[in-house]
Amino acid sequence: PYPALFGLPRQPVADADYAIGLYASTLVRDGGTLQIGIGTLADALSHALVLRHTDNARYREVLVALDPSLDEDHPLIQQVGGLGIFEEGLYGCSEMLNEGFRRLVQTGVIRRKVHDDLALMQRLANGSAYTSDHATLAQEGEYLHGAFYLGSPEFYAWLRALPEDECRAIGMRRISEINQLYGGSEQLERLQRRDARFFNSCMMATALGAAVSDALEDGRVVSGVGGQYNFVAMAHALPGARSVLMFRAARDAAGARESNVRWNYGHTTIPRHLRDIYLNEYGIADLRGLTDEDCV
């Protein structure tokens with residue numbers, strides 16, 4: 001009865017990608033908001049978040065093996081993220097919903113509901129909510145918003161087979177609503193998107209904090225920008241939000257190994273004045289508010 005839908009090709013996740021996903025997973029705060037891009041780095045992040053929630057002891061063992069400094073005392077983890085299970089859960093708000101979000105919903109990582117009633121969300125935020133508000137949120141709220149859905153045949157089958165109550169908790173919204181705060185109900189979206197973490201991939205980063213994500217300096221286009229710029233900018237507009245750009249430390253080009261950290265590059269997607277958190281398989285760099293000297 002259903003036409004065959006396009007199945008999105010998926011690349012294998014390499015060891016470096018898993019390391020990047022593990023680092024990224026420490027920056028997510030329970031009760032917050034999650035946006036992730038597409039590709040193997042996003043898949044690795046989703047896997048790490050699932051592991052953090054479903055097998056927390058093993059997750060912490062893997063983190064220590066990766067980097068002994070990744071514990072509760074790490075300053076950035078204290079300020080931005082966490083290592084514990086998701087007791088309240090996350091609200092997912094991302095342009096494209098894919099396999100990673102399926103696993104995050106199935107394992108209970110994504111389950112924090114929001115509502116489009118501004119007054120209700122205000123009462124929840126300031127602690128004056130009525131018992132009926134919590135009941136309304138549980139009955140009518142949604143924990144996942146996306147603009148379009150693209151994945152494997154299994155992903156589509158999962159969506160079709162969802163029970164009615166779970167279907168009601170997943171909503172499709174306009175890209176203009178998902179990708180920005182302005183032009184709609186900004187006050188409501190600010191309340192819904194608390195402690196937002198925006199994770200996107202880039203190809204290269206410069207020493208001064210700019211990112212190269214969509215094209216080469218000779219003009220060749222590698223990929224569309226998508227909502228990456230919007231999410232990076234939104235991280236600076238929302239209180240408590242952070243943008244995290246993930247990239248591999250090096251790549252093979254014409255038989256040689258080249259660093260993906262450049263002093264300068266002839267094309268950039270994200271300008272240096274929007275620099276925030278960068279990470280690769282060697283660690284995390286918090287660049288927000290730093291001088292150029294410290295950024296380098």
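Contact here means heavy atoms within 4.5 Å, and helices (H or I, at least four residues) and strands (E, at least two) are DSSP runs numbered from the N terminus. The model is a predicted one, in which local features need pLDDT of at least 70 and side-chain atom pairs count only at pLDDT 80 or more, while totals for chains, interfaces and linings use all residues. Residues are numbered from 1 along each chain as its sequence is written, and side-chain values use heavy atoms, with hydrogens and water left out.

**View 1. Helices α2 and α5 lie across strands of the sheet.** Helix α2, formed by residues 40-54, lies across β1 (33-36), β5 and β8, and runs at about 150° to β1. Helix α5 (residues 99-106) lies across β1, β2 (91-97) and β3 (144-149), at about 155° to β2. Axes are lines fitted to C-alpha atoms, for helices over the stretch in contact, and angles run from 0 to 180 degrees between N-to-C directions.

**View 2. Eight strands form an open sheet with mixed pairing.** The strand order is β4-β3-β2-β1-β5-β8-β12-β13. At the edges stand β4 (170-172) and β13 (283-286), each of which pairs on one side only. From one strand to the next, the twist averages 20°. Two strands pair if DSSP finds at least two bridges between them.

**View 3. Strand β1 is covered on both faces.** Thr33 and Gln35 on one side, and Leu34 and Ile36 on the other, are all buried (under 20% relative accessible area, with exposed over 50% and partly exposed in between; 1.4 Å probe, protein chains only). In a regular strand the side chains alternate between the two faces of the sheet. Strand β1 runs parallel to β2 and is joined to it by two bridges; Leu34 stands opposite Gly92 in β2. Four bridges join β1 to β5, also in parallel, and Ile36 has Phe199 of β5 as its bridge partner.

**View 4. Strands β5 and β8 run parallel.** Five bridges join β5 (residues 196-201) to β8 (residues 242-246). Phe198 stands opposite Ser243 in β8.

View 5. The C-alpha trace spans about 60 × 50 × 45 Å along its principal axes. Of the 296 residues, 49% count as buried.
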